[in-house]
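Here is a short note for a first look. Please keep the structure open while you read.

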Amino acid sequence: QELRIDPPSPLFEQASSPFPSAAMAMEAGAAIAAAATAAAGGAGAGLFSYNRGNYMFDQKMHYARFGAGLNMAIAQTGIYKQDIAQLTALTVTRQDCYHGIAAMGLTILTAIY
């Protein structure tokens, strides 16, 4: 058995289509698509150049922030080194006091016994 599909009648085509012919409908659709593409392309190019300007400005600011952060990290490391040196000096000074007291104590104990 062969399946046969009959083409629609001309009355059906005229009743369902808002345009007088399919060719005009295709031309109108193509024109609308071209206009939409041009509008989107123009808007896209404008947004790209707008965002590119912001991006380039932000890159300069990004590098400045990076440099500032790096300088702060270097300064913080210097502060840590200074703190360690001060703590070490405090410990050495305290031990020097203990050494003097211990030496006097040993001298006294040696003299007594």
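Is leucine 70 buried, partly exposed or exposed? The points below start there.

1. Leucine 70 is partly exposed, because its relative accessible area is 44% and the partly exposed class lies between under 20% (buried) and over 50% (exposed). Keep in mind that this is a predicted model.

2. Where does leucine 70 sit in the fold? It belongs to helix H2, which covers residues 22-112. The protein chain has two helices and zero strands.

3. Leucine 70 has partners on the surface. Together with Tyr63, Phe66 and Ile74, Leu70 makes up a nonpolar patch. The accessible area of these residues together is about 480 Å².

4. Now the charged side chains. How many salt bridges does the structure hold? The count is one. Its members are aspartate 58 and arginine 65. Their closest N and O atoms are 3.9 Å apart. The cut-off is within 4 Å, so this pair counts as a salt bridge.

5. Are the two members of that pair buried, partly exposed or exposed? Aspartate 58 is partly exposed, at 34% relative accessibility. Arginine 65 is also partly exposed, with a relative accessible area of 49%.

6. Last, the chain as a whole. What share of the 113 residues of the protein chain counts as buried? The figure is 0%. The protein chain exposes about 10200 Å². Carbon and sulfur atoms supply 69% of that area.

Notes. Residues are numbered from 1 along each chain as its sequence is written. This is a predicted model: local features need pLDDT of at least 70, side-chain atom pairs count only at pLDDT 80 or more; totals for chains, interfaces and linings use all residues. Side-chain values use heavy atoms; hydrogens and water are left out. Helices (H or I, at least four residues) and strands (E, at least two) are DSSP runs, numbered from the N terminus. Buried means under 20% relative accessible area, exposed over 50%, partly exposed in between (1.4 Å probe, protein chains only). Accessible areas come from the Shrake-Rupley method with a 1.4 Å probe; for residues, only the protein chains shown count as cover. Patches are made of residues with over 30% relative accessible area and no salt bridge: like charges are joined within 9 Å, nonpolar side chains (Val, Leu, Ile, Met, Phe, Trp, Tyr) within 5 Å.
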